[in-house]
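Open the structure beside its sequence and keep both in view. We will walk from one spot to the next.

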Amino acid sequence: MKRVSARWRSRYSSRLRLIDAGVVIWAVAGAFGIRFGFPDIDSSSVRDADYVLLSVLLVLSWWCMLEFWGSREARVLGSGTEEYKRVIASSAWLFGFVAVVSYALKIDTARGYVGLAFPAGAFGLLAARWFLRQHIILERKHGKSDSRVLIIGGPFSAAHLVRSLASAPAAGYRPVAVHLPGAGQGFDPSDLEVPVTGTTTEFDSILRVILDTDVDAVAISAGVNMHPQDLRRLGWELAARDIGMIMAPALTDIAGPRIHTQPVAGLPLIHVSTPKLTGGKKVAKRAFDLAISGVLLAVLAPVFLTIAILVRVTDSGPVFYRQERVGIRGTTFHMLKFRSMKVNADAELAALLKAQGAGDTPLFKVDRDPRITPLGRILRKYSLDELPQLFNVLNGSMSLVGPRPQREGEVALYDDAAHRRLYVSPGMSGLWQVSGRSNLTWEESIRLDLYYVENWSLMGDVVILFKTFKAVFASTGAV
């Protein structure tokens, strides 16, 4: 009998194939119709016939490229950016191949036709994948369409892996049991939050545990007390039974682009590259900031004017609020905001923090802040008060995406790890913005900022910005 996970994978892949086919046909047919017009059935135009044949070949090739590129593999579905990257990469390679062949064979391919089909299809595929992903995420939050995982390893690493997987249900890995080979006394099974199947190190017994728990994947965590040859045998046995094998090294908050494997003497050595935002990467991030902030400032000019008038009319005082914040490498700058508090609100901060017992905490946040004006509450709810920070992005003191900009008093409370967040420019948005905003604790905020610093990528910035719009419209965690 086919396992539940196999059924949902098969069902999901079938949906993807149908959706991909529909989107690709829509994009290519639409580009053909806009560029040439739809030909009559009795048309004898050789050019139309050639492009009809090209369109059919393009649809079939595009659909197959998405399959060959692994964009429908179960392990990339429902979580992360890898699925989207593969969709874009497969589409770009296909159209790049078409361009090269057209040039090499001197085929006069209409640029308007290709120029319409590629962006329309790529955008349509991404949009369709996103909507389908929302459905599977909702199912996984209710315990459906996921993979049952047995974790094998040491007590502490296994407990960490259980918590990590349980905190990200959208990823589709549900820990159902833990096996601790060779574990002795000194650990509390209740810390693992899932049943412990035992501590035996015998290979046949471990294999029997795997089969009895009826799991879809086995995750081998750090500190596992098993002989390397037994691990190799386990991989063979799992492959024969169509059960996935996952290796979970003792690395935390490290993203895929920094991890590289190199086989040495039959060992898959994992290399972790040093994060550097220099050279071409730095230029690309700055160019991205300039382009997007410039466009947004031009488009939002009427919004700026309207908010400025409302701030001035509803509460006499300056329209903008300037506050000194700490930027890259510890330099200071003045961050701009639309004023959302009454005049001289900073003078009351210390007293309010002391009254709430938060004077010595790193995040200077006042609950139910009485200094906020009625208009300011609306501006803050939808993050409209932060729009003037686009000028900070334009002058280079901030970035569109980065760690949360903080005050000197907060920076003074940093430990050594937290200081790493000053390696890049602070951002208008960031992982903290799309992961809870003001509902985050200090530790959660620092962890997200450090993850961003350690794993920056331009594609990651784009994804965060898209998530920011969603978070702002949902008004999640706004202050």
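Start in the loop that runs between α6 (203–213) and β4 (217–221), where Asp214 sits. This is a predicted model, so every value here is computed from it. Asp214 has a phi near 50 degrees, a positive value in a residue other than glycine. Why does that deserve a look? Most residues other than glycine have a negative phi. Asp214 counts as partly exposed because its relative accessibility is 44%, which falls between the 20% limit for buried and the 50% limit for exposed.

Ser383 lies between α11 and α12. Its phi is near 60 degrees, again a positive value in a residue other than glycine. Is Ser383 buried or exposed? At 9% relative accessibility, Ser383 counts as buried. The cut-off for buried is under 20%.

A further positive phi turns up just after helix α3, where Lys106 takes about 55 degrees. Stay with this helix for a moment. Helix α3 covers residues 82–104, which makes 23 residues. At 1.5 Å a residue, the helix should span 33 Å. Several residues of α3 are buried, among them Tyr84, Val87, Leu94, Phe95 and Val98. The buried set also includes Glu83, Arg86 and Ser102.

Next, go to helix α9, which covers residues 301–314 and holds Ile307. Ile307 is buried, because its relative accessible area is 6% and the limit is under 20%. What does Ile307 touch, leaving aside its neighbours within four places in sequence? It is in contact with Phe338, Leu379, Leu384 and Leu387. Ile307 and Asp385 are 78 residues apart in sequence, yet their C-alpha atoms are 8.7 Å apart in space.

A pair of aromatic rings is described by the distance of the centres and the angle of the planes. How many aromatic pairs are counted? The count comes to seven aromatic pairs. One of them joins Phe304 and Phe391, with 5.9 Å from centre to centre and 85 degrees between the planes. That pair is edge-to-face. Phe304 is in helix α9 and Phe391 is in helix α12 (residues 389–395), so the pair links distant parts of the chain, 87 residues apart. The two partners can be compared by accessibility. Phe304 is buried, with a relative accessible area of 9%. Phe391 counts as partly exposed, at 36%.

Turn to another pair, Phe320 and Phe338. Their ring centres are 5.3 Å apart and their planes meet at 20 degrees, so the pair is stacked. The cut-off for stacked is under 30 degrees. Phe320 lies in strand β8 (residues 320–326), while Phe338 lies in strand β9 (residues 332–338). The pair therefore ties together parts that are 18 residues apart in sequence. Phe320 is partly exposed, with a relative accessible area of 39%. Phe338 counts as buried, at 1%. Recall that Phe338 is also in contact with Ile307. Phe304, Phe320, Phe338 and Phe391 form one aromatic cluster.

How many cavities of 30 Å³ or more does the structure hold? It holds two. The largest cavity has about 40 Å³ of space. The elements that give two or more residues to its lining are α9 and α11 (374–381). Helix α11 gives the most, with three residues. The lining of the largest cavity includes Val311, Thr314, Arg339, Met341 and Leu379. Leu379 is also a contact of Ile307.

Trp8, Arg11, Tyr12, Arg15, Ile136, Glu139 and Ser145 line it. The elements that give two or more of these residues are α1 (4–36) and α4 (111–141). The largest share comes from α1, with four residues. The residues of this second lining divide into three nonpolar, one polar and three charged.

Key:
Residues are numbered from 1 along each chain as its sequence is written. This is a predicted model: local features need pLDDT of at least 70, side-chain atom pairs count only at pLDDT 80 or more; totals for chains, interfaces and linings use all residues. Side-chain values use heavy atoms; hydrogens and water are left out. Buried means under 20% relative accessible area, exposed over 50%, partly exposed in between (1.4 Å probe, protein chains only). Contact means heavy atoms within 4.5 Å. On a 1 Å grid over the protein atoms alone, a cavity is a set of points where a 1.4 Å probe fits but cannot get out, and a pocket is an open set with protein on both sides within 12 Å along at least five of seven lines; lining residues have an atom within 4 Å of a point. Grid points are joined across faces, edges and corners, and a volume is the space filled by probe spheres set on the points. Ala, Val, Leu, Ile, Met, Phe, Trp, Tyr, Cys and Pro count as nonpolar, Asp, Glu, Lys and Arg as charged, and the others, Gly among them, as polar. The expected span of a helix is 1.5 Å times one less than its number of residues. Rings of Phe, Tyr and Trp (its six-membered ring) pair if their centres lie within 6.5 Å; planes under 30 degrees apart count as stacked, over 60 as edge-to-face and the rest as tilted.
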